[in-house]
Amino acid sequence: MDVRIGIQNSPRELGFETSQSAAEVEQAVAAALAGQSAQLTLTDDKGARYVVPAAALAYVEIGSEESRRVGFVA
């Protein structure tokens, strides 16, 4: 699934694909915004970890869990 994170005072967004479910990502974002954790930590498909301070989150876009089709569709 695709995840895009907007960071305050930054012109670029952070985008990556993760194997975590939409519910897991949403739960992590909600915990960070509720003050239960000081940062949002997510892991991508390749094992890289992304840590964003909760106070710097502008938005989090959670994509669909469908896999992309390859090739031509009739």
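**Close-up views of a predicted model**

At 8% relative accessibility, F16 counts as buried, because buried means under 20% relative accessible area, exposed over 50% and partly exposed in between (1.4 Å probe, protein chains only). This is a predicted model, in which local features need pLDDT of at least 70 and side-chain atom pairs count only at pLDDT 80 or more, while totals for chains, interfaces and linings use all residues. Residues are numbered from 1 along each chain as its sequence is written, and side-chain values use heavy atoms, with hydrogens and water left out.

**View A. The aromatic pair of F16 and Y50.**
The structure holds one aromatic pair. The ring centres of F16 and Y50 lie 4.3 Å apart and their planes meet at 10°, so the pair is stacked. Rings of Phe, Tyr and Trp (its six-membered ring) pair if their centres lie within 6.5 Å; planes under 30 degrees apart count as stacked, over 60 as edge-to-face and the rest as tilted. F16 sits in strand β2 (residues 13–17) and Y50 in strand β4 (residues 49–53). The pair links distant parts of the chain, 34 residues apart. Strands (E, at least two residues) and helices (H or I, at least four) are DSSP runs, numbered from the N terminus. Y50 is partly exposed, at 22% relative accessibility.

**View B. The hairpin of β1 and β2.**
β1 and β2 pair in the antiparallel sense over five bridges. Two strands pair if DSSP finds at least two bridges between them. V3 has F16 in β2 as its bridge partner. Five residues stand between the strands of this hairpin. Here N9 takes a positive phi near 60°.

**View C. R4 and E61 across two strands.**
β1 also pairs with β5, in the antiparallel sense and over five bridges. R4 stands opposite E61 in β5. Their side chains meet in a salt bridge (2.5 Å, N to O). R4 lies in strand β1 (residues 2–7) and E61 in strand β5 (residues 57–62), so the pair ties together parts that are 57 residues apart in sequence. A salt bridge is a side-chain nitrogen of Lys or Arg within 4 Å of a carboxyl oxygen of Asp or Glu. E61 is partly exposed, at 36% relative accessibility.

**View D. The salt-bridge network of R4, E13 and E61.**
By the salt-bridge rule, the count comes to two. E13 bridges to R4, with the closest N and O atoms 3.2 Å apart. Salt bridges link R4, E13 and E61 in a network. R4 is partly exposed, with a relative accessible area of 34%. E13 is partly exposed, at 36% relative accessibility. Side chains of opposite charge can pair when their charged atoms come close.
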